[in-house]
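Here are my notes on this model, as numbered points. Please read them with the structure open.

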Amino acid sequence: MDRVSNDDIYNGMPAAALGPDGWRKPWSGGNGGSCVEAKRLNDGRVALRQSTDPDGPALIYTNHEITTFIQGAKAGDADFLLG
């Protein structure tokens, strides 16, 4: 459960304020433990944080924003980011 109300959640807030439970590593791999962690918030938004800095800032995205990003990545729109 989130420690803050939905109204108090903002982009760049300390990820630790969102509580320790519910964080997942959907994109982890053989990267030495450094990966992006994601958490679905009670109101449907998604928080992302860096696994090596769990107390650092959380990036907060609406459901529409994260859906658009994932669909675009699947379609190859983000391939320019690869080596």
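1. A term first. A polar contact is a pair of N or O atoms within 3.5 Å; within protein, one must be able to donate a hydrogen and the other to accept it, and residues adjacent in sequence count only if both atoms are side-chain atoms. By that rule, the side chains of E37 and R49 are in polar contact, at 2.5 Å.

2. On provenance. The model is predicted: local features need pLDDT of at least 70, side-chain atom pairs count only at pLDDT 80 or more, and totals for chains, interfaces and linings use all residues. Numbering runs from 1 along each chain as its sequence is written, and side-chain values use heavy atoms, with hydrogens and water left out.

3. Fold. The protein chain has one helix and three strands. Their order along the sequence is β-β-β-α. Helices (H or I, at least four residues) and strands (E, at least two) are DSSP runs, numbered from the N terminus.

4. Burial and surface. The protein chain has 83 residues, and 30% of them count as buried. Buried means under 20% relative accessible area, exposed over 50%, and partly exposed in between (1.4 Å probe, protein chains only).

5. Contact range. Contact means heavy atoms within 4.5 Å. Take the contacts in the protein chain with a separation of 6 or more: 32% of them join residues 24 or more positions apart.

6. E37. This residue sits in strand β1. Is E37 buried or exposed? E37 counts as buried because its relative accessible area is 8%. Beyond residues up to four places away in sequence, E37 touches W23, R24, K25, A47, L48, R49 and S51. R49 is also the polar partner noted in point 1, side chain to side chain.

7. K25. This residue belongs to the segment before β1. Its relative accessibility is 44%, so K25 is partly exposed. K25 and E37 are twelve residues apart in sequence, yet their C-alpha atoms are 4.6 Å apart. With neighbours within four places set aside, K25 is in contact with C35, V36, E37 and S51.

8. R45. Look in the loop between β1 and β2 for R45. R45 is buried because its relative accessible area is 18%. Which backbone oxygen lies 3.0 Å from a polar atom of the R45 side chain? That of N6. Leaving aside neighbours within four places in sequence, R45 contacts N6, I9, K39, R40, I60, Y61, T62 and N63.

9. N63. Helix α1 holds N63. At 35% relative accessible area, N63 is partly exposed. Residues up to four places away aside, N63 touches R40, G44 and R45. N63 and L41 are 22 residues apart along the chain, with 9.8 Å between their C-alpha atoms.

10. A17. This residue lies in the segment before β1. A17 is partly exposed because its relative accessibility is 23%.

11. Largest pocket. Its volume is about 270 Å³. A pocket, on a 1 Å grid over the protein atoms alone, is an open set of points where a 1.4 Å probe fits, with protein on both sides within 12 Å along at least five of seven lines; lining residues have an atom within 4 Å of a point. Grid points are joined across faces, edges and corners, and the volume is the space filled by probe spheres set on the points.

12. Pocket lining. The lining has 14 residues; P26, A38, K39, R40 and V46 lie nearest the centre. β1 (36-40), β2 (46-50) and α1 (63-74) each supply at least two residues. α1 gives the most, with four. By class, the lining has seven nonpolar, three polar and four charged residues. Ala, Val, Leu, Ile, Met, Phe, Trp, Tyr, Cys and Pro count as nonpolar, Asp, Glu, Lys and Arg as charged, and the others, Gly among them, as polar.
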